Amino acid sequence: MGFFTRLLVPHSMRRAAHPGRAVKRAITPKAVKKARRALHPIDNMKYSAERSIATSLRSGGRKRPPPTYRHGTCPVRHRSPEAAARCPNP
Ligand SMILES: [Zn+2]
């Protein structure tokens, strides 16, 4: 729990949960404040971990960038061997 619900909640909803500072005090119930404070320290660590998992899931679980093709002294990382062959650089 916690993991997937976080993935599914869009950013706009999260912002809705944190309106401007002025109203924040007035409308935030005590229970929520307490829970939020209790969550906070771990939350940051957990968030960064979930963040990387979420990103890798979104990109199809592929962490490595697509392969590139280098040749000779050419500084360009070509997308295909054909492109490398066509390249005017030595
Ligand atoms: Zn090249």
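The legends below describe several views of one predicted model.

**View 1**
Of the 90 residues of the chain, 0% count as buried. The mean pLDDT of the chain is 73, with 46% of the residues reaching 70 or more. Confidence is lowest in helix H2, residues 11-17, where the mean is 58, whereas H5 has the highest value, at 96. Where pLDDT is low, the predicted coordinates should not be read in detail.

Is Ser80 buried or exposed? Ser80 is exposed, because 11 other C-beta atoms lie within 10 Å, and a residue with 12 or fewer falls in that class. Although Ser80 and Arg70 are ten residues apart along the chain, their C-alpha atoms are separated by 9.2 Å.

**View 1. Pro81, in helix H5.**
Helix H5 covers residues 81-86, and Pro81 lies in this helix. With 11 C-beta neighbours inside 10 Å, Pro81 counts as exposed. Which distance separates the C-alpha atoms of Pro81 and Tyr69? These two residues are twelve residues apart along the chain, and their C-alpha atoms are separated by 5.9 Å.

**View 2. Cys87, in the segment after H5.**
Cys87 is found in the segment that comes after H5. Cys87 is partly exposed, because 14 other C-beta atoms lie within 10 Å, a count that falls between the limit of 12 or fewer for an exposed residue and that of 20 or more for a buried one. If neighbours within four places in sequence are left aside, which residues are in contact with Cys87? They are His71, Cys74, Val76 and His78. For Val76, which is eleven residues from Cys87 along the chain, the separation between the two C-alpha atoms is 9.0 Å.

Terms used:
Residues are numbered from 1 along each chain as its sequence is written. This is a predicted model: local features need pLDDT of at least 70, side-chain atom pairs count only at pLDDT 80 or more; totals for chains, interfaces and linings use all residues. Helices (H or I, at least four residues) and strands (E, at least two) are DSSP runs, numbered from the N terminus. pLDDT is the predictor's confidence in each residue, from 0 to 100. Two residues are in contact if their C-beta atoms, placed from the backbone, lie within 7 Å.
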